[in-house]
Amino acid sequence: MRVHGSMAASLVLVLMLPWTQGAEAEPPSGPLDVARTAYASQLRELAVWSHKNKLYGKRDETYARLLQYEPDDAKARKWLKYKRDEEGTWQQDARYKPPPNRMKRRLPAYEEQRAKADTAYIESVVRILSTLESRPDLDWGQKTLVDLVAEFPQSEQVARNLRRLRLRIHAAAWAAAD
């Protein structure tokens with residue numbers, strides 16, 4: 001994974017912001033859970049679309065991404081050849097190989113739909129983070145920003161919003177210190 005220079009600098013600055021000592025901050029899970037559920041639904045629809053358009057490799061790539069948000073999705077586990085082992089944990093069959101994309105001319109349409117889904121999710125998370133006002137939520141917001149950079153390392157939209165949110169969180173941290 002490659003991170004743009006300005007994004008890497010922003011990430012370093014976010015990590016340098018003061019962290020609250022003591023108890024873990026409780027994440028405001030409600031709105032974030034809604035955003036993640038909506039994104040998972042869009043990924044599921046995109047995987048089905050990919051299958052119908054014979055983009056089997058992209059289908060499996062999308063299902064793998066979906067499992068990050070819904071780890072027990074049965075259809076994704078089926079396509080990616082997951083089975084439960086003796087301890088009950090999911091294991092992907094060692095013989096699994098990603099299938100080829102048959103209708104390569106449909107790849108631009110896939111990329112466009114994937115970008116729309118990613119953008120909608122990023123905007124939802126950024127909107128949630130931009131409302132952070134209280135000090136306990138600042139730690140959670142910083143962690144969520146770092147997670148968002150990890151999920152979308154080459155997204156210009158994430159980099160742009162990261163800079164904005166970094167300034168907002170930094171200002172809120174200074175205000176809370178007063």
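I started with Glu61 and found it in a salt bridge with Lys58, closest N and O atoms 3.4 Å apart. This is a predicted model, so I keep that in mind for every entry. Both residues sit in helix α3 (residues 56–69), and because they are three residues apart, about one helical turn separates them. I recalled that an α-helix has 3.6 residues a turn, so residues three or four places apart point the same way. Buried or exposed, I wondered about Lys58? Lys58 comes out buried, at 14% relative accessibility, while Glu61 is partly exposed at 37%.

Next I looked at Asp60 and Arg59. They form a salt bridge too, with the closest N and O atoms 2.7 Å apart. Asp60 is buried at 4% relative accessibility, and Arg59 is buried at 5%.

Then I checked Arg95, which pairs with Asp93 at 2.9 Å between the closest N and O atoms. Arg95 is exposed, with a relative accessible area of 72%; Asp93 is partly exposed at 28%. Elsewhere, shared partners link Lys58, Glu61, Glu111, Arg114 and Asp118 into one salt-bridge network. My count of salt bridges came to 10.

On to helix α5 (residues 107–129). Its 23 residues should span 33 Å at 1.5 Å a residue, and I found its end C-alpha atoms 33 Å apart, so the two agree. Its buried residues include Arg114 and Asp118, along with Tyr110 and Leu129.

Last entry: surface charge. I found a positive patch made of Lys52, Lys75, Lys78, Lys81 and Lys83. Lys52 belongs to helix α2 (residues 29–52) and counts as exposed at 64% relative accessibility.

Technical notes
Residues numbered from 1 in each chain as written. Predicted model: local features only at pLDDT ≥ 70, side-chain atom pairs only at ≥ 80, totals over all residues. Heavy atoms only, no water. Helix = DSSP H or I, 4+ residues; strand = E, 2+ residues; numbered from the N terminus. Expected span 1.5 Å × (residues − 1). Buried < 20%, exposed > 50% of the residue type's maximum accessible area, 1.4 Å probe, protein only. Patch = residues over 30% accessible without salt bridge, like charges linked within 9 Å, V, L, I, M, F, W, Y side chains within 5 Å. Areas by Shrake-Rupley, 256 points an atom, 1.4 Å probe, with all protein chains shown as cover. Salt bridge = Lys/Arg side-chain N within 4 Å of Asp/Glu carboxyl O. Lys, Arg positive; Asp, Glu negative; His and termini not counted. Charge placed at Lys NZ, Arg CZ, Asp CG, Glu CD.
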